[in-house]
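Student: Hi, could you walk me through this structure? I'd like to start with the sheet and then look at the charged pairs.

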Amino acid sequence: MSSIPGFWQQIRQDNRDWSVASNRLGSIGQAKFLFPQGGGPRYAYTTFADLKPNLRSRDVIILGGVLREQAVAPTGVYDVTMVGAANIPRQATDGGVPTGGGATWMPPATGAVASTPLLEIVRQGWKIYGIAFNPHTSSAGIRLTTSGGLNEAGQTEIAGCTFLGGGSGQIGVEDNGGSGFVVIDGNIFKLLTGTAVLGLNTSNAVPLSWRIQHNDFSQNTNDIKMSLNDANIQWNAHHTPGSGATNKVVSTIAVAGQGARNIVANNQFNNAIAAIIAGSGYSGSATDQWGPNQGTDNVKYGFV
């Protein structure tokens with residue numbers, strides 16, 4: 001669960017409306033139920049495509065079961081919270097067949113398109129919590145797209161989710177264009193043969209003031225690989241050691257000449273501290289602050 005208190009942290013349901021616990025702001029937003037295999041309330045949707053035209057700012061989406069779509073969030077809709085109706089986010093299928101329970105998002109069983117995310121967010125203030133994403137080939141679980149003006153997916157929070165690979169070139173969270181003030185908190189990224197947290201491009205801006213914290217990275221080709229300004233990368237566990245100049249445990253300067261003033265501290269790395277060096281799975285700006293971080297020799301230090 002996110003350690004950052006948010007607008008929806010204390011809410012209660014009253015019929016189909018969700019209210020702030022103090023009730024001083026009255027009734028704000030509606031609960032939209034998304035149950036692809038059925039079993040939800042009688043007014044639940046079975047596809048994101050059907051739900052999308054009815055979504056409004058400040059709504060809450062409750063996902064139960066296994067959703068198999070590649071979708072783009074609506075434009076002009078802000079501050080949506082999407083919550084998995086599951087105790088633990090998991091891949092709730094057996095050979096692709098839903099087993100019951102869970103809150104899982106996967107590509108379509110047929111006709112899935114490579115390099116297309118499961119969910120593309122194009123407006124500010126979305127929060128995604130407690131869902132398992134298993135993206136398609138060379139595709140992201142979640143893509144944040146920013147292209148200027150109102151087309152800006154910043155201020156997004158992704159917390160308590162699981163991003164699972166097992167295929168080819170899969171990506172966890174992908175930034176497209178340079179979204180700002182994003183929080184990636186308390187997630188599991190595992191077996192992603194692309195990159196867990198990737199900067200696809202910086203066509204609009206270098207991503208600013210990201211917080212990547214309390215995450216567990218395991219058996220990914222790359223863990224964090226993006227240009228960042230003023231980011232905090234802290235309290236993460238990186239299980240796979242870095243080696244070589246291409247694959248990255250952490251890189252804050254994925255594009256040459258971009259990235260500055262980041263703090264990379266209090267992380268656990270599966271390399272001896274002396275091996276946490278540029279050209280061996282790690283790269284950062286001379287203006288970054290690296291350390292203290294803990295290596296396999298239990299020494300706390302930083303590089304750069």
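Tutor: Happy to; we'll take the sheet, then the cores, then the salt bridges. Keep in mind that this is a predicted model.

Student: OK, what order do the strands of the open sheet take?

Tutor: Seven strands line up as 5-10-13-16-19-22-25, with parallel pairing.

Student: And which strands stand at the edges?

Tutor: Strand 5 (65-68) and strand 25 (237-238). Each has a single partner strand, so one side of each is left without a neighbour in the sheet.

Student: How many bridges join strand 19 to strand 22?

Tutor: Three, between residues 188-190 and residues 216-218. Lysine 190 stands opposite serine 218 there.

Student: Switching topic: which residues have the most contacts inside the largest nonpolar core?

Tutor: Trp105, Ile128 and Trp210, in a core of 50 residues. Among the elements giving two or more residues to this core are helix 1 (48-51) and strand 14 (140-145). There is also a second, separate core of five residues, including Phe33 and Phe35.

Student: Now the charges. How many salt bridges does the structure hold?

Tutor: Three. One of them joins lysine 32 and aspartate 59 at 2.7 Å, N to O.

Student: Are lysine 32 and aspartate 59 buried or exposed?

Tutor: Both are buried. Arginine 143 and glutamate 174 meet at 2.6 Å, N to O, and they are buried too.

Student: What about aspartate 230 and arginine 261?

Tutor: Their closest N and O atoms are 2.7 Å apart. Both sit in loops, so the pair ties together parts 31 residues apart in sequence. Aspartate 230 counts as partly exposed at 28% relative accessibility, as does arginine 261 at 46%.

Conventions:
Residues numbered from 1 in each chain as written. Predicted model: local features only at pLDDT ≥ 70, side-chain atom pairs only at ≥ 80, totals over all residues. Heavy atoms only, no water. Pairing = 2+ DSSP bridges. Helix = DSSP H or I, 4+ residues; strand = E, 2+ residues; numbered from the N terminus. Core = buried A, V, L, I, M, F, W, Y, C linked by side-chain atoms within 4.5 Å. Buried < 20%, exposed > 50% of the residue type's maximum accessible area, 1.4 Å probe, protein only. Salt bridge = Lys/Arg side-chain N within 4 Å of Asp/Glu carboxyl O.
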